[in-house]
Amino acid sequence: MAKKQFAATGRRKSSVARVRLIPGKGEITVNKKSLDEYFGSEIQKRELRRPFEIVGSEGKFDVIATVRGGGFTGQAGALRHGISRALIEADEDNNRPLLKAAGFLTRDPRMKERKKYGLKKARRASQFSKR
């Protein structure tokens, strides 16, 4: 019989993470690589494990995730969002208030602003000269 899986999607900036939680030993796999191989920064690795620490389920779930788009920080934020959503699927009554209080369920809406015509970047105009 197959183990129970919990799936969710997390987003931040232009990154999208598809996350599956499977009962296991606490191994995290991102794009078929281990967490240490994929993310170099210790801050990003700690950020991914925070939802488990808050809920108190470290080492209970294996994470299999696919991330596309954006940079490493955006991808780490998207993974954190996806893991938090999947933990709610696992046990909504206990996990939701804890993750909501930590602010992990809110999708970070900050995106890159589009470039406007007549400007060099989103807000950067060409240098003004009187003569």
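**Exercise 1. Is the crossing of H3 and H4 left-handed or right-handed?** Work out how these two helices sit against each other in this predicted model.

*Solution.* 
- Start with the helices themselves: H3 covers residues 72-90, and H4 covers residues 92-102.
- Next, take the geometry. The two pack at an angle of about 150°, and their axes are 6 Å apart.
- Now put a word to that angle. Angles over 145 degrees count as roughly antiparallel, so that is the term for H3 and H4.
- Finally, the handedness: H3 and H4 make a left-handed crossing.

**Exercise 2. Which residues of H3 meet which residues of H4?** Once you have them, sort the contact by class.

*Solution.* 
- On the H3 side, look for Ser84, Leu87, Ile88 and Ala90.
- Their partners in H4 are Glu92, Asn95, Arg96 and Leu99.
- Sorted by class, the contact of H3 with H4 comes out as four nonpolar, two polar and two charged residues.

**Exercise 3. Which element gives the most to the lining of the largest pocket?** Describe the pocket on the way there.

*Solution.* 
- First, the volume: the largest pocket comes to about 170 Å³.
- Then the lining, which has 15 residues; Arg12, Glu47, Ala76, Gly77 and Arg80 are the closest to the pocket's centre.
- Trace the lining back to its elements. Strand S1 (6-12), helix H2 (42-55) and H3 are the ones giving two or more residues.
- Of the elements, H3 gives the most, with five residues.

Definitions and conventions
Residues numbered from 1 in each chain as written. Predicted model: local features only at pLDDT ≥ 70, side-chain atom pairs only at ≥ 80, totals over all residues. Heavy atoms only, no water. Axes fitted to C-alpha atoms, helices over the stretch in contact; angles between N-to-C directions. Helix = DSSP H or I, 4+ residues; strand = E, 2+ residues; numbered from the N terminus. Parallel < 35°, antiparallel > 145°, perpendicular 65-115°, else oblique. Left-handed = near helix turned anticlockwise from the far one by under 90°. Contact = heavy atoms within 4.5 Å. Nonpolar A, V, L, I, M, F, W, Y, C, P; charged D, E, K, R; others polar. 1 Å grid on protein atoms, 1.4 Å probe; cavity = no way out; pocket = protein on both sides within 12 Å on 5 of 7 lines; lining within 4 Å. Points joined across faces, edges and corners; volume = space filled by probe spheres on them.
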